[in-house]
Amino acid sequence: MTLRRPDAPASGTMLLLHGLGGDTTQFDPFLPHLARLPCDLLIPDMRAHGLTPLIGDASDFTFQRFSADITALLRTCAIQPPLIGVGISMGAGVLATLALHSPDALAGLVFIRPAWEDQADPPHLRAFRTIAGLLATRDGAAAAAEFARSPVYRAVRTESETAADSLMDQFESPHAAERRLRLEHMPLSTPFADLADLRRIRPPATIIGTRHDPLHPLTIARHWARACGTALHVVPPKSAHDDRYIAESAAIITAVAGQALDNTSS
C-alpha cells in the first residue's frame, strides 16, 4: 500500500484502486498532476496484486470480496474525510461495489475505463482467462509465446498495441502463475447484479472512457454514465507515446476532488 501525504495538512483522502493485473504503480503517472491536492493519497495493492502477499482461493476473487478487503483497510487507516474514490477498470468495479454497500463512505467517485457490467465472462475480458489457462500449464516464456500466436491476442493488437502490450505484461508480473486466479475468476464476477443498481449510488459519480480500447469498450462507459445519470468524459486513448490520457483524466479527478472538498467544507 502507498500512502502519500500533501505538504500541507490534508483536507481529505483520495482512494485510488488499480485494474486487473496491475498494482499501485498504475497511478504513478497521475501523481505529479495530483500532488497539489490537499488530500492524502491512499493507493493499495489489492488481493493477489503488487506487493501484497494476500491471495486466498477461487472464492475470494469477486468484487464483493475485494470491496470487503478495501473496507477492512479503511477501518485500519486514519482516514481524513471526505473520502474520494478513483478506480480504473477492475478498480472502478470494486469502487462501485463499495459505494453500493457503504453509500455514506464516499463523497465523490471517478470511474475510469470501466470494463464490467452485470454479465459474467464478457467476451472482451476472455483474454485474461486465456492467459490464466496458459500460466497453469506452461512456464512464463512458453505461455507468452503461445498467447502471442493466439487469435485473441492478434485481435486485440489490431485495435490497440497498448492494450495488447498490457496483456503480454501479465506473463512477466511477479508471481504470475501463483496469482493466475485473479485473471481466471475476476472476469466471472460482477460488481452489481443489475446495471440499473448504479442509480442507487449516492455520491456524485464521474465516468471517463476512451475509444480504441478493446479491453475497456467505450459502450460500457456509456452504459455506466447513463445508469448513474451523469455525463461521460471521453479522453484520448491510453498510449505510451501520448500523455493526454493521463493529463485529461487527472484534470477531471482534480475537479471532482475539489468539488467534494468544497461540498464538505460549506
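With a relative accessibility of 30%, Arg 129 counts as partly exposed, a class that lies between buried (under 20% relative accessible area) and exposed (over 50%), as judged with a 1.4 Å probe on protein chains only. Arg 129 also forms a salt bridge with Asp 121, in which the closest N and O atoms are 3.7 Å apart; such a bridge is counted when a side-chain nitrogen of Lys or Arg lies within 4 Å of a carboxyl oxygen of Asp or Glu. The model is predicted, so local features need pLDDT of at least 70 and side-chain atom pairs count only at pLDDT 80 or more, while totals for chains, interfaces and linings use all residues. Residues are numbered from 1 along each chain as its sequence is written, and side-chain values use heavy atoms, with hydrogens and water left out.

**Salt bridges**

- The structure holds 11 salt bridges, and one of them joins the side chains of Arg 47 and Asp 60 at 3.8 Å, N to O.
- Arg 47 and Asp 60 both lie in the loop between β3 (39-43) and α2 (63-76), so their pairing ties together parts that are 13 residues apart in sequence; helices (H or I, at least four residues) and strands (E, at least two) are DSSP runs, numbered from the N terminus.
- Arg 47 and Asp 60 are both buried, and the relative accessible area of Asp 60 is 15%.
- Asp 60 meets Arg 65 in a salt bridge too, at 3.5 Å from N to O, although Arg 65 is partly exposed, with a relative accessible area of 36%.
- Through bridges that share partners, Arg 47, Asp 60, Arg 65 and Asp 69 are joined into one network.

**Thr 62**

- Thr 62 also has its place in the loop between β3 and α2, where it is partly exposed, with a relative accessible area of 23%.
- The C-alpha atom of Thr 62 is separated by 8.8 Å from that of Pro 187, although the two residues are 125 residues apart along the chain.
- Leaving aside neighbours within four places in sequence, Thr 62 is in contact (heavy atoms within 4.5 Å) with Met 186 and Ser 189.

- In helix α7 (residues 161-169), the residues Ala 163, Ala 164, Leu 167 and Met 168 are buried.
- Seen down the axis of α7, these buried residues fall within an arc of 140°, so they line one face of the helix; the arc is taken from the directions from the helix axis to the C-beta atoms.
- The buried residues of α7 are covered by elements including α4 (126-137), α5 (140-148) and α6 (151-159).
- Helix α9 (residues 218-228) has its own buried residues, among them Leu 218, Ile 220 and Trp 224, and its buried residues pack against α3 (90-101), β5 (108-112), β6 (205-210) and β7 (232-235).
- Gly 229, whose phi is positive, near 70°, follows α9.

**The largest pocket**

- The largest pocket is lined by 43 residues, of which Gln 26, Ser 166, Asp 169, Gln 170 and Lys 238 lie nearest its centre.
- The elements that give two or more residues to this lining are α7 and α10 (244-265), and α7 gives the most, with 7 residues.

Terms used: On a 1 Å grid over the protein atoms alone, a cavity is a set of points where a 1.4 Å probe fits but cannot get out, and a pocket is an open set with protein on both sides within 12 Å along at least five of seven lines; lining residues have an atom within 4 Å of a point.
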